Amino acid sequence: MSYIVKTKSNMITDVKTSHVSSITEQVPTTTYSTVTGSEITYTPDSNAIWVVYDIQFTIHSRVSQHVGVYGALVYEDSGSDVEFEYIFTGDGYNDGGYLLRYKFLIPAYSGARVWKFQTRYYHGASWAQDLHEDEDGNKYFPVATMYSIT
Amino acid sequence: MSYIPYEDSSIFNVQAQKASSISTQSASNSFADLTSSDITYNCDSNVSKVIYEYTTSFSRSTSYAYGVVEFKLVQYNTSTSSWEDTSASNYISYGFGSNTSYPRNNKTFTFTIDPWVGSKQLKLQWKLISGALNAHHTEAIVNLNGTIDTSYITKPFLIVYSIKE
(Lines give C-alpha, C1' and ligand atoms only; values in the text may rest on other atoms or scores of the structure.)
Protein backbone atom coordinates (compact mmCIF):
# COMPACT_ATOMS: atom_id res chain seq x y z
CA MET A 1 0.00 0.00 0.00
CA SER A 2 1.33 3.48 -0.79
CA TYR A 3 0.60 6.71 1.03
CA ILE A 4 0.50 10.27 -0.20
CA VAL A 5 1.72 12.65 2.47
CA LYS A 6 0.51 16.22 2.19
CA THR A 7 2.02 19.01 4.24
CA LYS A 8 -0.11 21.82 5.54
CA SER A 9 0.02 25.11 3.67
CA ASN A 10 1.11 28.47 5.12
CA MET A 11 4.13 26.94 6.85
CA ILE A 12 7.84 27.69 6.93
CA THR A 13 9.74 24.71 5.60
CA ASP A 14 13.15 23.68 4.31
CA VAL A 15 15.19 26.12 6.39
CA LYS A 16 18.80 26.29 5.25
CA THR A 17 21.67 28.41 6.54
CA SER A 18 25.14 29.28 5.37
CA HIS A 19 27.67 29.31 8.15
CA VAL A 20 31.42 29.71 7.76
CA SER A 21 33.85 28.25 10.33
CA SER A 22 36.25 31.20 10.26
CA ILE A 23 36.01 34.81 9.16
CA THR A 24 38.45 37.50 8.13
CA GLU A 25 38.05 41.08 7.03
CA GLN A 26 36.57 41.44 3.55
CA VAL A 27 37.46 44.51 1.52
CA PRO A 28 34.93 45.29 -1.24
CA THR A 29 36.01 47.12 -4.39
CA THR A 30 34.25 49.06 -7.13
CA THR A 31 33.06 45.83 -8.73
CA TYR A 32 30.55 43.47 -7.17
CA SER A 33 31.96 40.61 -5.11
CA THR A 34 30.21 37.94 -3.06
CA VAL A 35 29.94 38.49 0.67
CA THR A 36 31.69 35.68 2.54
CA GLY A 37 29.15 33.27 3.96
CA SER A 38 26.28 34.52 1.82
CA GLU A 39 26.16 31.71 -0.74
CA ILE A 40 23.35 29.16 -0.42
CA THR A 41 22.25 26.52 -2.91
CA TYR A 42 18.52 26.33 -2.38
CA THR A 43 15.72 24.14 -3.69
CA PRO A 44 12.26 25.37 -2.66
CA ASP A 45 9.65 23.15 -1.09
CA SER A 46 7.53 21.66 -3.86
CA ASN A 47 4.54 23.45 -2.32
CA ALA A 48 6.33 26.77 -1.85
CA ILE A 49 4.71 30.03 -2.88
CA TRP A 50 7.58 32.19 -1.66
CA VAL A 51 11.22 31.80 -0.69
CA VAL A 52 12.94 34.10 1.80
CA TYR A 53 16.63 35.07 1.74
CA ASP A 54 17.86 36.74 4.94
CA ILE A 55 21.42 37.92 5.51
CA GLN A 56 23.12 39.71 8.39
CA PHE A 57 26.71 40.99 8.53
CA THR A 58 28.84 43.68 10.15
CA ILE A 59 30.55 46.61 8.40
CA HIS A 60 32.47 49.76 9.30
CA SER A 61 33.47 52.82 7.33
CA ARG A 62 36.85 52.12 5.73
CA VAL A 63 38.44 55.54 6.23
CA SER A 64 36.18 56.72 9.07
CA GLN A 65 34.17 59.07 6.87
CA HIS A 66 30.99 57.71 5.24
CA VAL A 67 29.12 54.48 4.51
CA GLY A 68 27.78 53.56 1.08
CA VAL A 69 26.87 49.88 0.64
CA TYR A 70 25.58 48.98 -2.82
CA GLY A 71 24.20 45.44 -2.68
CA ALA A 72 22.68 42.91 -5.04
CA LEU A 73 21.01 39.58 -4.37
CA VAL A 74 21.93 37.40 -7.34
CA TYR A 75 21.54 33.79 -8.45
CA GLU A 76 23.59 31.74 -10.85
CA ASP A 77 22.11 30.85 -14.22
CA SER A 78 24.13 29.05 -16.89
CA GLY A 79 27.36 30.26 -15.35
CA SER A 80 26.37 33.92 -15.00
CA ASP A 81 25.05 35.96 -12.08
CA VAL A 82 21.50 37.22 -12.57
CA GLU A 83 20.25 40.05 -10.39
CA PHE A 84 17.12 39.54 -8.33
CA GLU A 85 16.98 42.80 -6.35
CA TYR A 86 19.26 45.64 -5.28
CA ILE A 87 19.68 47.59 -2.07
CA PHE A 88 21.58 50.68 -0.97
CA THR A 89 22.63 51.63 2.54
CA GLY A 90 24.10 55.11 2.81
CA ASP A 91 25.03 57.25 5.77
CA GLY A 92 26.99 60.46 5.38
CA TYR A 93 29.56 61.75 7.86
CA ASN A 94 28.92 58.83 10.18
CA ASP A 95 32.02 56.71 10.48
CA GLY A 96 30.53 54.18 12.85
CA GLY A 97 29.99 50.46 12.49
CA TYR A 98 26.80 48.80 11.38
CA LEU A 99 25.08 45.47 11.77
CA LEU A 100 23.29 45.22 8.45
CA ARG A 101 20.40 42.88 7.80
CA TYR A 102 18.64 42.49 4.47
CA LYS A 103 15.61 40.36 3.77
CA PHE A 104 14.26 39.43 0.35
CA LEU A 105 10.97 37.76 -0.67
CA ILE A 106 11.43 35.65 -3.79
CA PRO A 107 8.65 34.01 -5.84
CA ALA A 108 9.03 30.25 -5.65
CA TYR A 109 10.88 28.52 -8.48
CA SER A 110 11.67 24.95 -9.49
CA GLY A 111 14.95 23.18 -8.95
CA ALA A 112 18.12 24.32 -7.22
CA ARG A 113 19.60 27.81 -7.46
CA VAL A 114 22.83 29.17 -6.05
CA TRP A 115 22.05 32.47 -4.30
CA LYS A 116 24.68 35.04 -3.32
CA PHE A 117 24.66 38.51 -1.84
CA GLN A 118 27.20 40.83 -3.41
CA THR A 119 28.43 44.30 -2.47
CA ARG A 120 30.59 47.09 -3.84
CA TYR A 121 31.15 50.80 -3.27
CA TYR A 122 30.81 53.53 -5.89
CA HIS A 123 31.45 57.11 -4.81
CA GLY A 124 35.17 56.86 -4.04
CA ALA A 125 37.18 55.49 -1.15
CA SER A 126 35.62 57.83 1.40
CA TRP A 127 32.31 55.98 0.83
CA ALA A 128 33.83 52.50 1.12
CA GLN A 129 33.39 50.03 3.97
CA ASP A 130 34.99 46.84 5.20
CA LEU A 131 32.98 43.76 6.16
CA HIS A 132 32.84 41.33 9.09
CA GLU A 133 34.62 43.55 11.58
CA ASP A 134 34.08 46.68 13.62
CA GLU A 135 36.34 49.71 13.82
CA ASP A 136 38.48 48.00 16.48
CA GLY A 137 39.11 44.99 14.24
CA ASN A 138 36.84 42.62 16.18
CA LYS A 139 35.54 39.97 13.80
CA TYR A 140 31.87 39.01 13.44
CA PHE A 141 30.43 36.07 11.55
CA PRO A 142 27.92 36.68 8.77
CA VAL A 143 24.70 34.66 8.79
CA ALA A 144 22.57 33.84 5.77
CA THR A 145 19.31 31.88 5.91
CA MET A 146 16.79 30.73 3.34
CA TYR A 147 13.41 29.09 3.80
CA SER A 148 10.21 28.33 1.92
CA ILE A 149 6.74 29.63 2.68
CA THR A 150 4.11 27.14 1.49
CA MET B 1 -4.95 6.97 0.51
CA SER B 2 -3.51 10.27 1.74
CA TYR B 3 -2.61 11.55 5.18
CA ILE B 4 -2.01 15.05 6.47
CA PRO B 5 0.62 14.68 9.19
CA TYR B 6 0.01 16.26 12.58
CA GLU B 7 2.26 19.21 13.02
CA ASP B 8 3.20 20.83 16.28
CA SER B 9 5.11 23.70 14.78
CA SER B 10 5.75 26.83 16.81
CA ILE B 11 5.47 28.97 13.67
CA PHE B 12 2.45 28.55 11.47
CA ASN B 13 -0.24 30.28 9.43
CA VAL B 14 2.46 32.19 7.50
CA GLN B 15 1.08 34.76 5.07
CA ALA B 16 3.33 36.68 2.67
CA GLN B 17 2.58 39.30 0.05
CA LYS B 18 4.63 41.62 -2.14
CA ALA B 19 3.77 44.75 -4.13
CA SER B 20 3.72 44.21 -7.89
CA SER B 21 4.15 47.83 -8.82
CA ILE B 22 4.68 50.83 -6.60
CA SER B 23 5.66 54.49 -6.45
CA THR B 24 7.71 56.45 -3.96
CA GLN B 25 5.84 57.70 -0.90
CA SER B 26 6.82 60.84 0.97
CA ALA B 27 6.23 61.08 4.71
CA SER B 28 3.86 63.82 5.86
CA ASN B 29 3.07 65.45 9.19
CA SER B 30 0.07 63.21 9.84
CA PHE B 31 -0.14 59.43 9.87
CA ALA B 32 -0.71 57.88 6.43
CA ASP B 33 -0.84 54.31 5.15
CA LEU B 34 2.31 52.67 3.84
CA THR B 35 1.67 51.08 0.46
CA SER B 36 1.12 47.30 0.46
CA SER B 37 1.15 47.11 4.26
CA ASP B 38 -2.47 46.09 4.60
CA ILE B 39 -3.52 42.52 5.20
CA THR B 40 -6.55 40.63 6.45
CA TYR B 41 -5.19 37.97 8.78
CA ASN B 42 -7.15 35.09 10.25
CA CYS B 43 -5.89 34.12 13.71
CA ASP B 44 -6.53 30.75 15.36
CA SER B 45 -7.43 30.13 18.97
CA ASN B 46 -4.17 28.42 19.99
CA VAL B 47 -1.85 31.36 19.19
CA SER B 48 0.53 33.06 21.66
CA LYS B 49 1.50 36.04 19.48
CA VAL B 50 1.12 37.27 15.91
CA ILE B 51 4.25 38.66 14.23
CA TYR B 52 3.96 41.35 11.56
CA GLU B 53 7.03 42.16 9.43
CA TYR B 54 7.21 44.89 6.77
CA THR B 55 10.29 45.37 4.57
CA THR B 56 11.11 48.24 2.21
CA SER B 57 13.69 50.94 1.51
CA PHE B 58 13.85 54.49 2.80
CA SER B 59 15.89 57.42 1.56
CA ARG B 60 16.34 61.12 2.17
CA SER B 61 14.53 63.61 -0.02
CA THR B 62 16.23 66.21 -2.19
CA SER B 63 15.14 68.98 0.16
CA TYR B 64 16.65 67.61 3.38
CA ALA B 65 19.83 65.72 4.23
CA TYR B 66 18.14 64.05 7.20
CA GLY B 67 14.83 62.49 8.15
CA VAL B 68 13.15 60.83 11.11
CA VAL B 69 9.79 59.08 10.92
CA GLU B 70 7.49 57.19 13.24
CA PHE B 71 5.50 54.04 12.41
CA LYS B 72 2.47 52.51 14.05
CA LEU B 73 0.55 49.31 13.40
CA VAL B 74 -3.21 49.77 13.28
CA GLN B 75 -6.16 47.40 13.18
CA TYR B 76 -9.72 47.79 11.97
CA ASN B 77 -12.37 47.75 14.66
CA THR B 78 -15.55 46.37 13.11
CA SER B 79 -17.60 47.51 16.10
CA THR B 80 -16.66 51.17 15.68
CA SER B 81 -15.95 50.93 11.92
CA SER B 82 -12.70 52.73 12.46
CA TRP B 83 -8.95 52.12 12.57
CA GLU B 84 -7.24 52.06 15.96
CA ASP B 85 -3.73 51.37 17.31
CA THR B 86 -3.02 47.68 17.92
CA SER B 87 -1.40 48.77 21.19
CA ALA B 88 0.67 51.69 22.46
CA SER B 89 3.81 49.59 22.30
CA ASN B 90 3.59 49.06 18.56
CA TYR B 91 5.31 52.27 17.59
CA ILE B 92 8.73 52.38 15.93
CA SER B 93 10.94 55.35 15.16
CA TYR B 94 13.52 55.33 12.36
CA GLY B 95 15.88 57.76 10.70
CA PHE B 96 18.81 60.08 11.25
CA GLY B 97 18.45 63.54 12.74
CA SER B 98 21.84 65.03 11.80
CA ASN B 99 21.79 67.54 8.98
CA THR B 100 24.59 65.72 7.16
CA SER B 101 23.50 62.13 7.67
CA TYR B 102 21.91 61.48 4.25
CA PRO B 103 19.96 58.42 5.45
CA ARG B 104 19.27 55.62 2.99
CA ASN B 105 18.61 52.01 3.92
CA ASN B 106 16.58 48.86 3.41
CA LYS B 107 14.76 48.03 6.64
CA THR B 108 12.54 45.32 8.10
CA PHE B 109 10.22 46.45 10.88
CA THR B 110 8.81 43.76 13.17
CA PHE B 111 5.78 44.10 15.43
CA THR B 112 4.47 41.62 17.98
CA ILE B 113 0.71 41.63 18.52
CA ASP B 114 -1.54 39.92 21.03
CA PRO B 115 -3.66 37.25 19.33
CA TRP B 116 -7.35 37.34 18.56
CA VAL B 117 -9.82 34.84 17.16
CA GLY B 118 -11.08 35.28 13.63
CA SER B 119 -10.27 37.70 10.83
CA LYS B 120 -8.75 41.14 11.36
CA GLN B 121 -7.43 43.88 9.05
CA LEU B 122 -3.98 45.27 9.82
CA LYS B 123 -1.90 47.98 8.18
CA LEU B 124 1.17 50.09 8.87
CA GLN B 125 1.09 53.87 9.00
CA TRP B 126 3.88 56.40 9.19
CA LYS B 127 4.39 60.07 10.04
CA LEU B 128 7.19 62.57 9.62
CA ILE B 129 8.96 63.69 12.80
CA SER B 130 11.74 65.85 11.31
CA GLY B 131 13.40 66.57 7.94
CA ALA B 132 12.01 64.44 5.10
CA LEU B 133 12.07 60.78 4.14
CA ASN B 134 10.80 58.78 1.17
CA ALA B 135 9.64 55.16 1.28
CA HIS B 136 10.37 52.50 -1.37
CA HIS B 137 13.10 54.68 -2.87
CA THR B 138 16.77 53.72 -2.65
CA GLU B 139 18.04 57.01 -4.09
CA ALA B 140 20.36 54.94 -6.30
CA ILE B 141 21.52 51.41 -6.99
CA VAL B 142 24.39 50.13 -9.12
CA ASN B 143 23.54 47.44 -11.64
CA LEU B 144 25.76 44.39 -12.06
CA ASN B 145 27.13 46.01 -15.23
CA GLY B 146 28.30 49.01 -13.22
CA THR B 147 25.73 51.57 -14.34
CA ILE B 148 24.00 53.64 -11.68
CA ASP B 149 20.20 53.82 -11.57
CA THR B 150 18.61 56.66 -9.64
CA SER B 151 15.03 55.61 -10.34
CA TYR B 152 15.13 52.15 -8.73
CA ILE B 153 12.11 51.39 -6.58
CA THR B 154 12.03 48.71 -3.87
CA LYS B 155 8.90 46.58 -3.85
CA PRO B 156 7.81 46.32 -0.21
CA PHE B 157 6.68 43.02 1.19
CA LEU B 158 4.85 41.76 4.20
CA ILE B 159 5.19 38.53 6.19
CA VAL B 160 2.72 37.79 8.97
CA TYR B 161 2.69 34.60 11.05
CA SER B 162 1.47 33.09 14.27
CA ILE B 163 3.64 31.65 17.01
CA LYS B 164 2.77 29.22 19.76
CA GLU B 165 5.02 29.22 22.81
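**Basis and confidence**

This is a predicted model, in which local features need pLDDT of at least 70, side-chain atom pairs count only at pLDDT 80 or more, and totals for chains, interfaces and linings use all residues. Residues are numbered from 1 along each chain as its sequence is written, chains are lettered from A and ligands numbered from 1 in the order in which they are written, and side-chain values use heavy atoms, with hydrogens and water left out.

The model has an ipTM of 0.91 and a pTM of 0.93. In chain B the average pLDDT is 91, and 95% of the residues score at least 70. Here pLDDT is the predictor's confidence in each residue, from 0 to 100.

**Chain A**

Chain A has 11 strands and zero helices. Helices (H or I, at least four residues) and strands (E, at least two) are DSSP runs, numbered from the N terminus. The C-alpha atoms of chain A fill a box of roughly 65 × 30 × 25 Å along the principal axes.

Chain A has 150 residues, and 52% of them count as buried. Buried means under 20% relative accessible area, exposed over 50%, and partly exposed in between (1.4 Å probe, protein chains only). Contact means heavy atoms within 4.5 Å. Among chain A contacts between residues at least 6 apart in sequence, 80% join residues at least 24 apart.

**Chain B: Ser59**

B:Ser59 sits in strand E6 (residues 49-60) of chain B. B:Ser59 is buried, at a relative accessible area of 0%. Its side chain reaches the backbone oxygen of B:His137 at 3.1 Å. Neighbours within four places in sequence aside, B:Ser59 is in contact with several residues, including B:Pro103, B:Arg104, B:Leu133 and B:Glu139.

**Chain B: positive phi**

Which residue has a positive phi of about 50 degrees although it is not a glycine? That residue is B:Asn13. B:Ser36 is also a residue other than glycine, and its phi is positive, near 60 degrees.

| Residue | Place in chain B | Relative accessible area |

Notes. A polar contact is a pair of N or O atoms within 3.5 Å; within protein, one must be able to donate a hydrogen and the other to accept it, and residues adjacent in sequence count only if both atoms are side-chain atoms.
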